Amino acid sequence: MAAIAQRREGDVTVFVATGTLTSGGSEGELRRAIRAAVDQGVHHVVINLQDVVDIDSSGVAELASAHITTNNRGGTLLLCCLSKKLKHIFAITRLEDVFKIYDSEADALAATAGKG
């Protein structure tokens with residue numbers, strides 16, 4: 001099961017996912033939270049995946065949907081703090097070419113600086 005927390009860091013909304021982003025775990029919660037934030041005018045989203053222990057195709061679909069929603073509204077979506085397991089999954093599926101991925105939350109936040 002996934003838990004999603006969110007907070008503001010300047011003009012960036014940071015989502016911290018915990019648990020699993022799987023068909024039985026997240027059930028679209030992350031996607032809905034990001035869509036609500038974007039609907040309220042958020043342009044920059046950072047998703048911290050440090051405490052995500054597993055992801056499957058449903059979890060990847062949630063991230064992809066959030067990425068598309070954010071981009072379609074002129075914003076940016078960045079991922080950070082992937083575990084070794086998640087980095088491997090993103091590498092073999094070539095998702096590292098789709099998402100902007102940062103080692104730390106601080107690096108992801110710095111990447112949004114000056115982007116309005």
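Trainee: Which residues are linked in a network of salt bridges?

Mentor: Arg-7, Glu-9 and Glu-105 are linked in that way. The model is a predicted one, in which local features need pLDDT of at least 70 and side-chain atom pairs count only at pLDDT 80 or more, while totals for chains, interfaces and linings use all residues. Residues are numbered from 1 along each chain as its sequence is written, and side-chain values use heavy atoms, with hydrogens and water left out.

Trainee: What makes the pair Arg-7 and Glu-9 a salt bridge?

Mentor: The term requires a side-chain nitrogen of Lys or Arg within 4 Å of a carboxyl oxygen of Asp or Glu. In Arg-7 and Glu-9 the closest N and O atoms are 2.9 Å apart, so the pair meets the rule. By this rule the count comes to six salt bridges.

Trainee: Are Arg-7 and Glu-105 buried or exposed, or something in between?

Mentor: Buried means under 20% relative accessible area, exposed over 50%, and partly exposed in between (1.4 Å probe, protein chains only). Glu-105, at 14%, is therefore buried. Arg-7, at 34%, is partly exposed, and Glu-9, at 36%, is partly exposed as well.

Trainee: What else does Glu-9 touch, leaving aside its neighbours within four places in sequence?

Mentor: Glu-9, which has its place in strand E1 (residues 2-9), is in contact with Val-14 and Leu-109. Contact means heavy atoms within 4.5 Å.

Trainee: What makes Arg-73 and Asp-39 another salt bridge?

Mentor: Their closest N and O atoms are 2.7 Å apart. This pair links distant parts of the chain, with Arg-73 in the loop between helix H2 (57-72) and strand E4 (76-80), and Asp-39 in helix H1 (residues 29-39), 34 residues apart. Arg-73 has a relative accessible area of 41% and so is partly exposed; Asp-39, at 48%, is also partly exposed.

Trainee: How do you know that the length of H2 is close to the expected one?

Mentor: The expected span of a helix is 1.5 Å times one less than its number of residues. H2 has 16 residues and reaches 22 Å from its first C-alpha to its last, close to the expected 22 Å. At its start, a side-chain oxygen of Asp-56 reaches to within 2.9 Å of the backbone nitrogen of Ser-58. H2 is followed by Gly-74, whose phi is positive, near 80°.

Trainee: Why are H1 and H2 called roughly parallel?

Mentor: Axes are lines fitted to C-alpha atoms, for helices over the stretch in contact, and angles run from 0 to 180 degrees between N-to-C directions. Angles under 35 degrees count as roughly parallel, over 145 as roughly antiparallel, 65 to 115 as roughly perpendicular, and the rest as oblique. H1 and H2 pack at about 10°, with their axes 8 Å apart, and are therefore roughly parallel to each other. Among the residues that meet are Leu-30 and Ile-34 in H1, and Leu-63 and Ala-66 in H2.

Trainee: What do the buried residues of H2 pack against?

Mentor: Those residues, including Val-60 and His-67, pack against strand E2 (12-21), H1, strand E3 (44-55), E4 and helix H3 (84-92).

Trainee: Why is His-44 called buried?

Mentor: His-44, found in strand E3, has 3% relative accessibility, so it counts as buried. Its side chain makes a polar contact with that of Thr-76, at 2.8 Å.

Trainee: What is the phi of Cys-81, and what is that of Arg-94?

Mentor: Phi of Cys-81 is near 65°, a positive value in a residue other than glycine. Arg-94 has a positive phi of about 65° although it is not a glycine. Cys-81 lies in the loop between E4 and H3 and, at 13%, is buried. Arg-94 has its place in the loop between H3 and strand E5 (100-102) and, at 60%, is exposed.

Methods. Helices (H or I, at least four residues) and strands (E, at least two) are DSSP runs, numbered from the N terminus. A polar contact is a pair of N or O atoms within 3.5 Å; within protein, one must be able to donate a hydrogen and the other to accept it, and residues adjacent in sequence count only if both atoms are side-chain atoms.
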